[in-house]
Amino acid sequence: MSSLDYKALAAEARQIFGTAADEQELEAARVAWIGRKGRITVLLRQIPELPEDERPLAGRTLNTLKGDLSSLLDARLREFADSGAGDETGFDITHPGRTPFIGRLHPITKTLDDIIEVFREMGFDVAEGPEVESEYYNFEALNIPEHHPARGMWDTFWTKSPPGLVLRTHTSPVQIRIMENQKPPVRIIVPGRCYRADTPDATHSPVFYQVEGLYVDEGVSMAMLRGALDTFAHRLFGSDVPTRFRPSYFPFTEPSAELDIGCFQCGGNGCRLCKGSGWLEILGSGMVNPELYGFVGYDPEKVTGYAFGMGVERIAMLKYGIDDIRLLYENDLRFLEQF
Ligand code: PHE
């Protein structure tokens, strides 16, 4: 090959790169000339076969040409990008956009949203209350006096300074706060964070979420409670899931009941998840203990009410088949990306 051939070659290549009409044509030129099997690349690879005295010039010339072509390519690409496809702002609206990274909701947030949605549809308003709470709201006004053994139901974090405050052990204190400020009818749900001095394990976390419910009016009955909770269970776990009410005890409700749903893992036959019982406990509830009305100035002769409280992590774990509550608080993306 003579040096004259190089000139012709360079002219031909420059012509093609310089006149490519769009990005596709430019890409075709790149492949044909400087791609892995392009003409220049192939010529470069053939240099060792040239007579020894021709090799240096061939190498220099071809490498220079390759460099020039790739600069020309970049310049033309920039030109296309700047001119845009027919948009005078220079913004190419036909250019495929970059897909932004879209985050996702945490499974606890999703579950909270699901729970709130169901009760909103039933006419409940959303209320909130403080996480640092007085003993009065967390215990006393809920009919849990000092030294009452029922206080042992909640392992409590107490504040040092000022002393005597608690991190609320449940969302029930908001029942009192709302009733103090609002005449019946009251129909609220209260989502929120709660704290208990539990040692973390697969089912306990010192920080967790609850959703409280409270409905007080004339003529509110236990049948209405049962109906509302059934609707809730069916909406979250499927319309054919069996439910049952099981007698229980809470100082602030009388009578009290826990709601169970049929174990969906074993269909009620008994398995590890339901500890052989065929049932899964999902919340505590009951008729508002009339003692509470004395604390908030309601007339126990006139109004009745029901209340319930559920652990959001528990619901999320059952709904999504999560077997360790700690997974919900470790912020491991490999776990969170599954939701
Ligand atoms: N506050 C109770 C708990 O945390 C749950 C509950 C709420 C029970 C309302 C009955 C009525 O254990």
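Modeller: Helix α2 and helix α4 (residues 55-83) pack at an angle of about 170°, and their axes are 11 Å apart. Axes are lines fitted to C-alpha atoms, for helices over the stretch in contact, and angles run from 0 to 180 degrees between N-to-C directions. Helices are DSSP runs (H or I, at least four residues) and strands likewise (E, at least two), numbered from the N terminus. Please note that this is a predicted model, in which local features need pLDDT of at least 70 and side-chain atom pairs count only at pLDDT 80 or more, while totals for chains, interfaces and linings use all residues. Residues are numbered from 1 along each chain as its sequence is written, and side-chain values use heavy atoms, with hydrogens and water left out.

Biologist: What does that angle make α2 relative to α4?
Modeller: The angle makes α2 roughly antiparallel to α4. Angles under 35 degrees count as roughly parallel, over 145 as roughly antiparallel, 65 to 115 as roughly perpendicular and the rest as oblique.

Biologist: Which residues in α2 and α4 meet?
Modeller: From α2, Glu 23, Leu 26, Arg 30 and Ile 34 meet Lys 66, Leu 69, Ser 70, Leu 73, Arg 76, Leu 77 and Phe 80 of α4; contact means heavy atoms within 4.5 Å. This contact divides into six nonpolar, one polar and four charged residues. Here Ala, Val, Leu, Ile, Met, Phe, Trp, Tyr, Cys and Pro count as nonpolar, Asp, Glu, Lys and Arg as charged, and the others, Gly among them, as polar.

Biologist: And at what angle do α2 and α3 pack?
Modeller: Helix α2 (residues 23-34) and helix α3 (residues 39-46) pack at about 10°, with axes 3 Å apart. That makes α2 roughly parallel to α3. Ala 32, Trp 33 and Ile 34 of α2 make the contact with Arg 39, Ile 40 and Thr 41 of α3.

Biologist: Turning to the ligand, which residues come nearest?
Modeller: There are 15 residues around the ligand, and His 170, Ser 172, Arg 196, Gln 210 and Glu 212 come nearest. A residue is near a molecule if one of its heavy atoms lies within 4 Å of it. An N or O atom in the side chain of Ser 172 is 2.9 Å from a nitrogen atom of the ligand. Arg 196 has a polar side-chain atom 2.9 Å from a ligand oxygen atom.

Biologist: Where are the cis peptide bonds?
Modeller: One joins Pro 184 and Pro 185, with omega about 5°, and another joins Glu 254 and Pro 255, with omega about -5°. Pro 185 is in the loop between α7 (173-181) and β4 (186-195), whereas Pro 255 lies in strand β7 (residues 253-262). Most peptide bonds are trans.

Biologist: What about the phi of Lys 275?
Modeller: Lys 275 has a positive phi of about 50°, although it is not a glycine. Lys 275 is found in the loop between β7 and β8 (279-288).

Conventions: A polar contact is a pair of N or O atoms within 3.5 Å; within protein, one must be able to donate a hydrogen and the other to accept it, and residues adjacent in sequence count only if both atoms are side-chain atoms.
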